[in-house]
Amino acid sequence: MSEQKHRCGWVALMGPPNAGKSTLLNAYLGQKVAIVTSKPQTTRNQITGILSEPDSQVIFMDTPGIHKLRGKMNRILLQAAWQAMASADVLVAMLDGDLYIRRPEFLDKDIEPMLKPIAEETRPVAVVINKIDMFADKSKMLPLLEKITQIWPNAEVFPISALTGNGLEALLEFIKKHLPIAPPQFPTDQLSTLPIRFMAAEIIREKLFNTLRQELPYSTTVDIENWEEDKQRKITFINAVIYVARGTHKAMVIGKGGQNLKKVGQFAREEISTLIDQKVHLELFVKVREDWQEDLNFLHSIGLGNPHEM
Ligand SMILES: Nc1nc2c(ncn2[C@@H]2O[C@H](COP(=O)(O)OP(=O)(O)OP(=O)(O)O)[C@@H](O)[C@H]2O)c(=O)[nH]1
Ligand SMILES: [Mg+2]
């Protein structure tokens with residue numbers, strides 16, 4: 001491909017919580033840059049993933065799910081999503097096809113916040129119906145397709161499964177086709193614009209989501225306090241703090257005989273070690289910080305709202 005034909009641009013992955021946005025990003029990159037859990041509202045930042053191919057560089061912005069919730073942290077999360085939308089060349093709005101086929105009543109509520117912004121959009125929009133692996137009878141999708149074409153006639157619709165990879169090529173073709181002709185903006189071996197220690201904190205947060213029950217993970221957050229590389233011994237020493245919002249949560253995070261914390265630490269250490277390709281010594285501390293979700297300075301200090309300034 002000649003240099004003049006090279007395309008490069010920004011793509012916003014948006015949609016309601018749990019639709020599979022982060023899963024799609026990881027699928028395109030063939031590597032995990034965004035954490036994924038079965039619980040909604042996992043992503044808390046704008047996560048970038050850079051897909052470099054000979055003819056193009058697609059810079060994806062994975063975003064927190066768009067939903068209506070109060071509180072300072074949730075406002076920051078929504079801001080991250082709308083900011084990504086504002087700076088994108090191409091928009092990808094993702095819906096959980098499986099959910100609306102099982103529970104059609106969720107559709108209107110989920111699309112409501114995006115209804116007008118997307119309908120009035122002049123940039124290229126792909127509406128993605130994800131999780132098609134979950135229903136064998138594809139005709140069940142028809143009412144959903146009909147509704148989308150009606151409310152967003154400007155969008156092109158792509159049924160996909162981010163999990164199995166079905167439909168991903170067609171969607172990527174659409175994205176690439178609509179990117180501006182431009183040289184790569186990042187080195188072609190760079191996977192994300194996020195600092196590695198932010199990614200490590202995210203990995204720990206994912207393990208908290210997987211290990212802790214019910215609502216508890218939502219009131220936790222992770223901050224890397226210390227990161228030191230012993231170049232001679234080829235070990236990275238990491239101290240991370242898990243913040244909880246209440247004293248009672250502390251014991252729950254630690255678990256009986258420390259079993260939860262041990263599990264989180266072990267899984268996170270393995271994954272961070274793979275990420276940085278080095279042995280990792282990880283120490284986790286649990287601290288109570290009441291109302292951390294309402295403390296803007298604290299939220300900023302741990303990279304929420306402005307992850308690039310961590
Ligand atoms: N069956 C099926 N499950 C999927 C698919 N894509 C994602 N999932 C699952 O859906 C859940 C949510 O996926 P995420 O990628 O975390 O969703 P998200 O949109 O990033 O969610 P938030 O960050 O919370 O907004 C996870 O359990 C995924 O494994 C798919 O194509 N098929
Ligand atoms: Mg996500």
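Author: Domain 1 and domain 2 together bury about 2,000 Å², with 55% of it on carbon and sulfur atoms. Buried area here is the accessible area (1.4 Å probe) that two parts lose on being put together, summed over both. Before going on, note that this is a predicted model, where local features need pLDDT of at least 70, side-chain atom pairs count only at pLDDT 80 or more, and totals for chains, interfaces and linings use all residues. Residues are numbered from 1 along each chain as its sequence is written, chains are lettered from A and ligands numbered from 1 in the order in which they are written, and side-chain values use heavy atoms, leaving out hydrogens and water.

Reader: Which residues make up domain 1 and domain 2?

Author: Domain 1 covers 3–177 and domain 2 covers 196–309; such bounds come from an automatic or database domain assignment. Their contact takes 19 residues from domain 1 and 26 residues from domain 2, where contact means heavy atoms within 4.5 Å. The C-alpha centres of the two domains are 27 Å apart.

Reader: How many salt bridges cross the interface of domain 1 and domain 2?

Author: The general idea first: side chains of opposite charge can pair when their charged atoms come close. The rule asks for a side-chain nitrogen of Lys or Arg within 4 Å of a carboxyl oxygen of Asp or Glu. Across this interface it finds 2 salt bridges, while the structure holds 17. Lys 32 and Glu 206 form a salt bridge through their side chains, at 2.5 Å from N to O.

Reader: What about ligand 1: which residues come nearest?

Author: Here a residue is near if one of its heavy atoms lies within 4 Å of the molecule. There are 23 residues around ligand 1, and Lys 21, Thr 23, Gln 41, Thr 42 and Asp 133 come nearest. An N or O atom in the Lys 21 side chain is 2.7 Å from an oxygen atom of ligand 1. Thr 42 uses a polar backbone atom, 2.7 Å from an oxygen atom of the ligand. For Asn 130, a polar side-chain atom lies 3.1 Å from a nitrogen atom of ligand 1.

Reader: Which backbone angle stands out at Lys 131?

Author: Most residues other than glycine have a negative phi. Lys 131 has a positive phi, near 70°. Asp 277 is also not a glycine, and its phi is positive at about 55°.

Definitions and conventions. A polar contact is a pair of N or O atoms within 3.5 Å; within protein, one must be able to donate a hydrogen and the other to accept it, and residues adjacent in sequence count only if both atoms are side-chain atoms.
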